Amino acid sequence: MIRSRSLLSKSIAAAVALAGLSAQAHAAGGAALAQPDQAQVQGVEKALASAPTALKSDVAAAAATLRPYMITLMCVQDDRATQGLVQKFVGSRGTAMFNGWAGAMSPGKRMRHHDMSGCISVTRIQNWKRVAANEFSFDILFSADDSGESYLWNTVVHKEPDGTWLIA
């Protein structure tokens with residue numbers, strides 16, 4: 001009974017994450033996003049759960065930004081999705097980094113042999129660091145199941161004065 005509850009809660013979490021993907025696609029201007037499979041969604045959850053104790057509360061507070069941000073990075077198929085990602089999740093400090101680079105701003109697009117019609121996976125998050133009281137950083141290791149390629153993506157997350165967490 002306990003095992004079936006655990007599986008049910010994981011299935012519900014995966015369904016919520018997948019439902020959030022359609023909302024993210026809308027936020028990305030109707031751009032093309034592949035659909036992650038359940039194992040890929042669970043990989044995101046596992047990676048976020050790897051945060052060190054000192055950052056767990058901030059990661060939990062930033063999860064509403066981090067989950068769709070990571071799923072968009074995993075599944076982006078065209079430049080419009082990346083532009084939507086910037087508009088929705090990147091704070092004003094980070095937009096300068098993305099200006100003019102929208103087409104190359106996904107780990108999958110930086111892989112030479114990955115078939116962009118599918119999602120890449122989050123292998124792990126590493127190098128968690130507290131940058132400031134309202135900021136933390138980490139590296140996401142993405143991998144392509146089809147080509148075996150990987151890409152390390154650095155992310156800095158900043159808490160805005162209104163309490164929202166955005167990518168810096």
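**Hairpins and a disulfide**

Modeller: This is a predicted model. In the hairpin formed by β3 and β4, 5 residues lie between the strands, and glycine 163 has a positive phi near 95°.

Biologist: How many bridges between β3 and β4, and in which sense do they pair?

Modeller: β3 pairs with β4 (residues 165-167) over 3 bridges, in the antiparallel sense. Leucine 166 in β4 stands opposite histidine 158.

Biologist: And what is the bridge partner of glutamate 135 in β3?

Modeller: Histidine 158 again. Strands β2 (residues 135-143) and β3 (residues 150-159) run antiparallel and are joined by 9 bridges.

Biologist: What's in the turn between β2 and β3?

Modeller: That hairpin has 6 residues between its strands, and glycine 148 in the turn has a positive phi of about 80°.

Biologist: Changing topic. How many disulfides in the whole structure?

Modeller: The search finds 1. The disulfide links cysteine 75 and cysteine 119, with an S to S distance of 2.0 Å.

Biologist: Right-handed or left-handed?

Modeller: Right-handed, because the torsion about the S-S bond of cysteine 75 and cysteine 119 is about 115°.

Biologist: Are those cysteines buried or exposed?

Modeller: Cysteine 75 is buried at 0% relative accessibility. Cysteine 119 has a relative accessible area of 11%; the cut-off for buried is under 20%, so cysteine 119 counts as buried too.

Terms used
Residues numbered from 1 in each chain as written. Predicted model: local features only at pLDDT ≥ 70, side-chain atom pairs only at ≥ 80, totals over all residues. Heavy atoms only, no water. Pairing = 2+ DSSP bridges. Helix = DSSP H or I, 4+ residues; strand = E, 2+ residues; numbered from the N terminus. Disulfide = S-S within 2.5 Å. Buried < 20%, exposed > 50% of the residue type's maximum accessible area, 1.4 Å probe, protein only.
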